[in-house]
Structures are given as C-alpha cells and as structure tokens.
Amino acid sequence: MKRLMTRIGVIGLFVCCLTAAIAAAGQEPLRVGMELAYPPFEMTDKSGSPSGISVDLAHDLGKALGRPVKIENMAFDGLIPALKTGKIDLIISSMTATEERARSIDFSEPYLQTGLCLLLKKDSPAATIGDLDRPGRTVAVKKGTTGHLYAAKNLKKARLLVLDKESAAVLEVVQGKADAFIYDQMSVYQNWQRNRATTRAILAPFQKESWAIGIRKGNEQLRRQINDFIRSYRSSGGFDRLGDRYMKEMKQEFKRLGYPFFL
Amino acid sequence: MTGIFSLLTQRRGEPGPLAALARLISWLLVFLAVGGVFTFAFGQLQYGWNWGAIADYRQKLFNGWLTTIAISCVALFTSLVVGLAAALARRCPFLPVRYTGTLYVELIRGTPLLVQILIFFYVVADAFGIDNRYLVGVITLSLFAGAYISEIIRAGIESVGESQLESARSIGLTRGQIYRFVIFPQVARQLIPPLAGQFASIIKDSSLLSIIAVSEFTLNAQEVNAYTYSTLESYIPLAVGYLLLTLPISLASRVLERKYRYAH
C-alpha cells in the first residue's frame, strides 16, 4: 500500500512537472533579431542596452502576445539565415518586404511605408535616378540593402560602389568620389542635414517600399497574431506615439517640405 | 602498433614502403576524422541548399578572386620591400631614421587595419588627391604587413651573435658586406616560416579592403549573398578560394626551407 502511494506520488509529481513545463513553454521568450545600427529604429542607449522604435515595437508586440521579449543583435546580412535556422523567431530590423526575401521567409503586413531616394553631391546636375545611369557616373550603395539590389538590377551604365557602412557611403558623396548614394528617405534626410555644405537631397522616392516583420515560413498562427497586433496598434495611435518619441523634429520638417511622413 | 605511425621509429630505421603506407593511412585518418565532424555538422543543419542561384554569379565570384590575387601579389612584394627597409631603418645608427622606423612599426602594429584603411583612404589619400581606391588599398595593406615583416626580419638579424658581427668588422667588412655575407645566409632559412604565415595573412587581410568598395573576393561573395540570400552557398566557395591561394604559399615555404637547409 505504501509503495502504491509512493508510486502515485511520483506520477503526480511527474504530471506536475509536465504541466509546469507546458506552461513555461507558453512563456518562452520571443527572440527578435535586429541590427542595432540604424538609429532611431535600432540602436543602443547610453548604457548599451537596445533601444529605438523597433525595440519598443518588439516589446509592445511581446506584451500583446503575453510573451517576454529577447532582443538578439546581429548583422543585417545574418538575420534571414538566423531566422531560417531557428536562432530567432522574428525579424524587426527596418527590413523591406521584397519578393526575393519573401521566397525564403514570410512577412507580416507592412507597418511602415517609405521609399528609396537620393543623396547627391552638391554640384551634381542629376534630377532623377535616370540621370545617374550614364557612363562615368558613380553611385554608392550600402551592401545588402534594397538600394543595392535596385542599383544592381537597374543601373547598368553607372559604376557601382558597394560599401559596408552607411557612413562610408555618405563620405564618398561628401568627398565627391560618388555622385549619389541611394538609400531610404529617413537616412538620406539625416545625412543631408549633417552635410548641407557638400550634399543635397531628392527626398521624393523613386521606388516605394514597405517595412514588415519577418517570420519563419509556415508559422501561420504567429503571423495572424502579429497582423492583428499591427492593425490595432495603428488604430490606437501606437506608431504616432513612437514617431513623436523618437523623430519629432524630422516629422515636423517632412511636414514643412510637403512629404508625407513615413511612420 | 602505434610505433609504425610514429615519426621517431621511421627516422631510426630505413624509410621503407611501410613508412609511405603509414603516412598515407595517417593522412586518410585525419581527413576522415575532420570530414566526419563537418559531415555531421552539415547533416544537422536545417537549410534549403540552393547552389543553382550561385552558379549564375560564378563569373562575378571569379573576377573577385582574380582581383584578390592581383592585390595580394603586389602587396606581397611591396610589403617585403617596406618591411626590409623598416628593419634596416630600425638598426640605422642615424637616430631620426631609426626613430621613424620605430614609430612606423608601433603605430601600425598598435592600430586595427580597418581604421588604417578608412583613414588612409578618406583622409590621407583624399588630402593628396589620390582617388584610386585600388592603389590606396594596396599601399595600406603593404604598410600594414610591412610593419610585421620588419619585426620578423629584425628578429632574424638580431639572432646573429654580436661576436660574429665584431669578427666581420675586424676583418674589414663594410655594413653592406656584413648583411650580404654574414647575416643573410644565416637568417634566410629561419625567416621563411614566419614570412609564409605573414603572406597568407596578407591574402586574407585583403578582404578588409571591401570597406572602401574595392571589389575583391570577399565583397563579391557578400554581394552574391545579398542578391541570392544563399549565405552558405556564397561563403563556402570563398573559403575554398582563399585556401587555393594560401596552400601554395605553405608548400612553397616548405620547398624553400628544404632548399636552404644546407646553406650554412
């Protein structure tokens, strides 16, 4: 009899452990991959912990899903491989939802609309992207970005400078080594503000693109949850709040220049 | 049993056919072990291989490889010249020359190559109006490797005993003659292995030139990765390509070592 009681006890304990394990699985942290090198979307604060619009968005998403969030900082190039191999669960890293990327991962609904535009050297006569596709013109791009892919596909006559760092690409334009740098509206705007003596900007996008959250293929349930979150977050003004918190000046300046703000 | 595979027993006895067999089997065992580890690791990987996408870009990869070869060949030669000059400068009795050598070696060895490339291209070369990034890249790489090579050479030179140098001076040899007939024949052989290592480093370090958009092997592989989203398929050819360049250097160094074995 005593032995039976022990057995029941052991089984009971086992069942308890099992339920606890299942409950904990629900609390498994949501690992969000991003490259913390694109302020104010992905950056680190003064103490070195992740901060920015994407980080806040990730934490708000975690709250809505009832899961703790763990930010994984990694190079942009490595995000898709990390998602594919299960090292992370989501990508929130200002990533444009392109057709090519959609072949290897799934995307949520877009949460932001922006576009590629031009940072030009001050004395460049170019008015459109077409003016740059001539022999003798040099166009700088950041490796792996949509600007890079656009240029590789569409600019056949210009010389392409593929750079690792945004700052190096800007330097190329500032020093007149490149005629233009192709990048998104926000970065072009910021770099133009910082180098007004040597550069000018054409902020009207020649290719529209939208940013979305990257999800591993075949995760339909998670994708639905994220889409619901994005919709309710937008209608409750979450994105406006993030824009006001991180990019107030730029928002006002875009309004003044007559461009629709992207966030 | 382990005796057959031991180099010591081979040396003592005649190098018969058994020795050759033992060598072959030993190599096979090593390859099998290493290959086994990687086969297991790649077998565990959940990854959709897509070599077809890479095949479209093979010309691009090949061009990058040729650029890396060209850059490395020039840098190998110039860094040797720079290194030799710096080593001699550091032993020069005229102090300003000696201190220039010391400052050069310490500055270059104490700072990251990445920073040197950025500063040389965007600051120094820009100030002097040099816009050719390939030229600046080769110069930076040569200066970087030259500092290490100069230390290798200086260590070699200083390994020759002071008494030999005094004897040479006392029979009336000039500085040039001492280097040529006393120092060089003795240190040539012992310089080969560290120099070969340094040369292999130059080839791999040339990949850092991608940060100033020098279109070499690594940058091209990264671009192919960006176009195709096939990370491993882009980078595995990269590893093979670099091995194809560094292995011949190891082999050449082995041959040269053997050649200079009886030089002294």
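1. Cover of H7(A). The buried residues of H7(A) are covered by elements of chain A that include strand E7 (112-121), helix H6 (166-174), strand E10 (180-184), strand E11 (199-211) and helix H10 (248-257). Cover rests on contacts, that is, heavy atoms within 4.5 Å. Helices (H or I, at least four residues) and strands (E, at least two) are DSSP runs, numbered from the N terminus. This is a predicted model, in which local features need pLDDT of at least 70 and side-chain atom pairs count only at pLDDT 80 or more, while totals for chains, interfaces and linings use all residues. Residues are numbered from 1 along each chain as its sequence is written, chains are lettered from A and ligands numbered from 1 in the order in which they are written, and side-chain values use heavy atoms, with hydrogens and water left out.

2. Burial within H7(A). The helix spans residues 185-194 of chain A and is mostly covered, with seven of its ten residues buried. Buried means under 20% relative accessible area, exposed over 50% and partly exposed in between (1.4 Å probe, protein chains only). The buried residues are A:Gln185, A:Met186, A:Ser187, A:Val188, A:Tyr189, A:Asn191 and A:Trp192.

3. The N-terminal end of H7(A) is capped by A:Asp184, with a side-chain oxygen 3.1 Å from the backbone nitrogen of A:Met186. A:Trp192 has the charged end of A:Arg196 over its ring, 4.5 Å from the ring centre. A charge sits over a ring if NZ of Lys or CZ of Arg is within 6 Å of the ring centre and within 35 degrees of the ring normal.

4. Aromatic pairs. Over all chains, the search finds 21 aromatic pairs. One of them joins A:Tyr233 and A:Phe239 edge-to-face, at 5.0 Å centre to centre with 85° between the planes. Rings of Phe, Tyr and Trp (its six-membered ring) pair if their centres lie within 6.5 Å; planes under 30 degrees apart count as stacked, over 60 as edge-to-face and the rest as tilted. A:Tyr233 and A:Phe239 are both buried. Ring pairs also link A:Tyr38, A:Phe41, A:Phe181, A:Tyr183 and A:Trp211 into a cluster.

5. Overall form of chain A. Chain A has ten helices and twelve strands. Its radius of gyration is 23 Å, well over the 18 Å that the globule rule gives for 263 residues, so chain A is more spread out than a compact globule. The radius is taken over C-alpha atoms, and the rule is 2.2 Å times the number of residues to the power 0.38. Along the principal axes, the C-alpha atoms of chain A fill a box of roughly 95 × 35 × 35 Å.

6. Burial and contacts in chain A. Of the 263 residues in chain A, 48% are buried. Among contacts in chain A with a separation of 6 or more, 68% are between residues 24 or more positions apart.

7. Backbone points to check. Most residues other than glycine have a negative phi, and most peptide bonds are trans. A:Pro39 and A:Pro40 are joined by a cis peptide bond, with omega about 0°. A:Pro40 is in the loop between strand E1 (30-34) and strand E2 (43-44) of chain A. A:Ser94 is not a glycine but has a positive phi of about 50°, and A:Ser94 is buried at a relative accessible area of 10%. B:Ala213, also not a glycine, has a positive phi of about 65°. B:Ala213 is in the loop between helix H10 (175-205) and helix H11 (217-228) of chain B.

Notes: Polar contact = N/O pair within 3.5 Å; in protein donor to acceptor, adjacent residues only side chain to side chain.
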